[in-house]
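Me: I would like to go through this structure by question and answer. Please keep to what can be computed from the atoms.

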Amino acid sequence: MSLEILILDDETIVGERLKASLEKDGHKLETFTSSVEALKSLKEKIFDIVVTDIRMDDVSGIEILEHVRKKSLRTKVIMITGYATLEVARESLTKGAFDFIAKPFKIKEIRKAIEKAAEALQTEDNR
Amino acid sequence: MPIVLITSPPHGLGSELARNLAEKTGWPQYSREELVEEAHAQGIKLSRLETSIIKSPVISEHLAWEKELYLSFVTDTLCKKLENKNLIYSGRAAHLLFPGVPHILRVGLGVPLEMRIENASRQLGLSSEKTQEYLEALDEDVKKWVHYVHREQANDPSNYDLFLNLENLSLANASLLLQNTAELADFRIPEQDLKHLEDIHLAARARLHLARNKETAGLNLGIRVRDKVVTVTYMPRQTAAATSISKALSSLEGCRENLCTMAETNILYVQECFDPKADDLGQVTQLAKRWGAAVELIRLIPKGEEAGICLEDIRSKPLSASHKDSGTYTGGVEDDGPDISANDGGLSDTLEELVAMGRSAGGSTVTGSGREVIHAVKENHNYSLVILGNLFLAKGPQASTRLTRELGLTLHDNLRTPVIDIKELKSEFLFGKAQAFKLILYSLIILCIYTLVFSFQKPILNFIGGDLHEKWKWVAAVGMVFFVPFIAYVYGAVSGLLLKLIDID
């Protein structure tokens, strides 16, 4: 299943590494380092999956999550962060994040989360 | 000069109370939020440890190492914040910090859920229902955190000096109460306890120091400090790092001397399939705790039974303190490592259990027989005991017993270590119900014999060396031949069991 995925992380290397790996799986990826730019794209288009960092300068990952959930309940949001605490992780999940991955993580962890999200999307679409 | 540690539930006014108290007293105040920021600033990654509670991943040795690093960082940071030995710290499980140091005021806060919902709802912009859901889940997470990080129950009242219920008590009066309590002589830390605190601080600094050193980063070490002498205990598999540990500690400020020792006792447990919940493992860990030993697991798969499974060493390898150290910066996105076989005969789960107990000396899977086991453990020759569990399960009971016995002999000859079957472990080394029954029975036999001997001394002496002896010479001699070893055996068994009962064996 080919998915449209948005990756948002203020570190360029994160987007680059994820793009290189996930495109091999047949997904279409758009990567952003600016949360403002990502928000613009999110307003114009509905993605299947959004992978976002939490701690960013302009707009936080939690705000991105809130925006995505308001716009489309179908989109699955996966949070990634190197600054996670129990409180932040639980807040993200309560606000509707699909999964939460702490940095540093292995590519297979995000791949697994995406597979799970794809399964959930498929189940929802088949209803 | 009090140290006040305040634990409050999430969004439970702990920081507010700490600030109020700081304003009243002028003592320095620090919160967990500031501590987390400081950790990030110093490059100490907490994310994985924090989220592991929610995601319940494998409790790996690396996670256990991150936990130790976190606790050391907290100890070090709070000790540095002490001003004239005063400090107010508020946070999650704050009351469990500085374990074993008396005269620290350890405070718990009880805050009505409605109050917390109002507080959190305002901060997070969630509805009351969602906030309640969030807080209830978070409370459960915190319980798990306390259990994993501090090995304590979150609501154990014996860990608190004072517990304040803020339902009716105002924040101002609560802080007044705290101030009065903290100023009591009971919460002034005496000189000898301050030295203990300094030793705890030095141990924390030593761990951080070693974690920041490239050659010693990631090593799972035991660190103790007494009178500024740092003793580091490493596992046998880390022998190569011993020199680096000593070298790294030589530059540690405040360290009078450093001693680097290898863990003296290790128990090697060889079995075909492990189960973390099995009684057998409980017995092994019970013995390990008594001996202060670490347990190394070897899963032995007899040759030809599971083709395709090869030596799969999942011992922890030295890990870098930060992913930045490994060469190229990856932004936290790491390449996939080799996959660990999904069916590993319960080895990973059992190792998790041992890691959580702090008794893990690693584990590996070996395909073959005794020679392969010896090859796998050749670097670690300091086992105190080798335990053979259930092995050669595919064979019949007789063949299994024979092969296990042969393996035991091979291991004994090569490792020069006592080898024991798991079934004999309890009777040989542990004290259970059967041993208690045996102790009572044998004690009664001894009591009866002594009572009889002292009640009938004359006829007995007569039988051994008097008229009766003259008449029944051979009977007396034969009687003694049987009686003396019997009494020696019973007496020896009682003494052995008593020593086992009081953990001296």
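Me: How much area do chain A and chain B bury between them?

Reply: This is a predicted model. The contact draws 31 residues from chain A and 34 residues from chain B. Carbon and sulfur atoms account for 56% of the buried area, and the total for chain A and chain B is about 3,000 Å².

Me: Which residues of chain A lose the most area to chain B?

Reply: On the side of chain A, three residues together make up 25% of what is buried there. They are Leu86(A), Arg90(A) and Pro104(A).

Me: Which residue of chain A forms a salt bridge with Arg92(B)?

Reply: Across the interface of chain A and chain B there are 3 salt bridges by the rule used. In the one made by Arg92(B), the closest N and O atoms are 2.9 Å apart, which is within the 4 Å cut-off. The partner is Glu87(A).

Me: How many residues apart are Glu4(A) and Lys45(A), which form a salt bridge?

Reply: Over all chains, the search finds 26 salt bridges. In the pair Glu4(A) and Lys45(A), the closest N and O atoms lie 3.0 Å apart. Glu4(A) belongs to strand 1 (residues 4-8) of chain A, while Lys45(A) is in the loop between helix 2 and strand 3 (49-53) of chain A. The pair thus links distant parts of the chain, with a separation of 41 residues.

Me: Are helix 2 of chain A and helix 3 of chain A roughly parallel or roughly antiparallel?

Reply: The axes of helix 2 (residues 35-44) of chain A and helix 3 (residues 61-71) of chain A are 11 Å apart, at an angle of about 5°. Ser35(A), Leu39(A), Leu42(A), Lys43(A) and Glu44(A) of helix 2 meet Ile64(A), His67(A), Val68(A) and Lys71(A) of helix 3. These contact residues comprise 4 nonpolar, 2 polar and 3 charged. Because angles under 35 degrees count as such, the two helices are roughly parallel.

Me: How are helix 10 of chain B and helix 14 of chain B set relative to each other?

Reply: Helix 10 (residues 279-291) and helix 14 (residues 422-429) of chain B have axes that come within 10 Å and cross at roughly 40°. That angle makes helix 10 of chain B oblique to helix 14 of chain B. Helix 10 of chain B passes helix 14 of chain B in a crossing that is left-handed.

Me: Where is the cis peptide bond from Lys103(A) to Pro104(A) placed in chain A?

Reply: Most peptide bonds are trans. The bond from Lys103(A) to Pro104(A) is cis, its omega being near 0°. Pro104(A) lies in the loop between strand 5 (99-102) and strand 6 (105-106) of chain A.

Me: What is phi of Phe392(B)?

Reply: Phe392(B) is in the loop between strand 14 (383-388) and helix 13 (397-415) of chain B. Most residues other than glycine have a negative phi. Phe392(B) has a positive value, near 50°.

Conventions:
Residues numbered from 1 in each chain as written. Chains lettered and ligands numbered in written order. Predicted model: local features only at pLDDT ≥ 70, side-chain atom pairs only at ≥ 80, totals over all residues. Heavy atoms only, no water. Axes fitted to C-alpha atoms, helices over the stretch in contact; angles between N-to-C directions. Helix = DSSP H or I, 4+ residues; strand = E, 2+ residues; numbered from the N terminus. Parallel < 35°, antiparallel > 145°, perpendicular 65-115°, else oblique. Left-handed = near helix turned anticlockwise from the far one by under 90°. Contact = heavy atoms within 4.5 Å. Buried area = accessible area lost by both parts, 1.4 Å probe. Salt bridge = Lys/Arg side-chain N within 4 Å of Asp/Glu carboxyl O. Nonpolar A, V, L, I, M, F, W, Y, C, P; charged D, E, K, R; others polar.
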